[in-house]
Amino acid sequence: MTKLSDFTVKAQDGQSLSLERYLGKVVLIVNTATACGLTPQYQGLQELYDDYQEKGFEILDFPCNQFMNQAPGTAEDINAFCSLHYQTSFPRLAKIKVNGKEADPLFQWLKEEASGPLGKPIEWNFVKFLLNREGQVVKRFSAKTEVAELVSHIEHLL
């Protein structure tokens, strides 16, 4: 059975990063964008991280420019924006593609685990996948799901 720890992704500096380091943690994976109407969700994500990180909760932020080019700029530009406007401190990884033939294998797997063999496409920025401590997908939340709605699900897994 495939699990989160089986994947390696690119860190912002282009280096390979094994997600094995997150085994044993409850993980929320989000495809994000800095120029999206949903970008204010960064504030709620940071609040979740502040409240639960010490209890074994992690957020993995994957900027994605596939939806109307709403994640423009370099990694430095994205970091500067997120630091200035939302004071984010959770891990941000390299820009990623989440749909289509070039979709990253991690997102292919997330979609399949959450919605079956063909994997329902990511509809927009800020789709959220919640994984348990064993690295298995527990639930997919739509882009429009308010971050506050995730609290009970996260607390249950912690």
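**Buried contacts and aromatic pairs in the predicted model**

Leaving aside neighbours within four places in sequence, N125 is in contact with N31, T32, A33, C36, L38, C64, F67, Q70 and A143. The structure examined here is a predicted model. N125 is located in the loop between α3 and β5. With a relative accessibility of 0%, N125 counts as buried. Its side chain is joined to that of Q70 by a polar contact of 2.9 Å.

The protein chain comprises four helices and six strands, and its elements follow the order β-β-β-α-β-α-α-β-β-α from the N terminus on. The radius of gyration is 14 Å, close to the 15 Å given by the globule rule for 158 residues, so the protein chain is as compact as a globular protein of that length. Along the principal axes, the C-alpha atoms fill a box of roughly 35 × 35 × 30 Å. Of the 158 residues, 49% count as buried. The protein chain exposes about 7,800 Å², of which carbon and sulfur atoms supply 49%. Among contacts between residues at least 6 apart in sequence, 66% join residues at least 24 apart.

Aromatic side chains were examined next. A pair of aromatic rings is described by the distance of the centres and the angle of the planes. With ring centres required to lie within 6.5 Å, the count comes to 10 aromatic pairs. One of these is formed by Y42 and F90, whose rings are stacked, at 6.4 Å centre to centre and with 20 degrees between the planes. Y42 belongs to helix α1 (residues 41-52), whereas F90 lies in the loop between α2 (75-86) and α3 (105-115); the pair therefore ties together parts that are 48 residues apart in sequence. Y42 is buried, its relative accessible area being 0%, and F90 likewise counts as buried, at 4% relative accessibility.

For F107 and F129, the ring centres are 6.3 Å apart and the planes stand at 80 degrees, so this pair is edge-to-face. F107 is in helix α3 and F129 in strand β5 (residues 128-131), and the pair thus links distant parts of the chain, 22 residues apart. F107 and F129 are both buried.

A charge over a ring is found at F141, where K139 lies over the ring face at 5.5 Å from the ring centre.

Technical notes
Residues are numbered from 1 along each chain as its sequence is written. This is a predicted model: local features need pLDDT of at least 70, side-chain atom pairs count only at pLDDT 80 or more; totals for chains, interfaces and linings use all residues. Side-chain values use heavy atoms; hydrogens and water are left out. Rings of Phe, Tyr and Trp (its six-membered ring) pair if their centres lie within 6.5 Å; planes under 30 degrees apart count as stacked, over 60 as edge-to-face and the rest as tilted. Helices (H or I, at least four residues) and strands (E, at least two) are DSSP runs, numbered from the N terminus. Buried means under 20% relative accessible area, exposed over 50%, partly exposed in between (1.4 Å probe, protein chains only). A charge sits over a ring if NZ of Lys or CZ of Arg is within 6 Å of the ring centre and within 35 degrees of the ring normal. A polar contact is a pair of N or O atoms within 3.5 Å; within protein, one must be able to donate a hydrogen and the other to accept it, and residues adjacent in sequence count only if both atoms are side-chain atoms. Contact means heavy atoms within 4.5 Å. The radius of gyration is taken over C-alpha atoms; the globule rule is 2.2 Å times the number of residues to the power 0.38. Accessible areas come from the Shrake-Rupley method with a 1.4 Å probe; for residues, only the protein chains shown count as cover.
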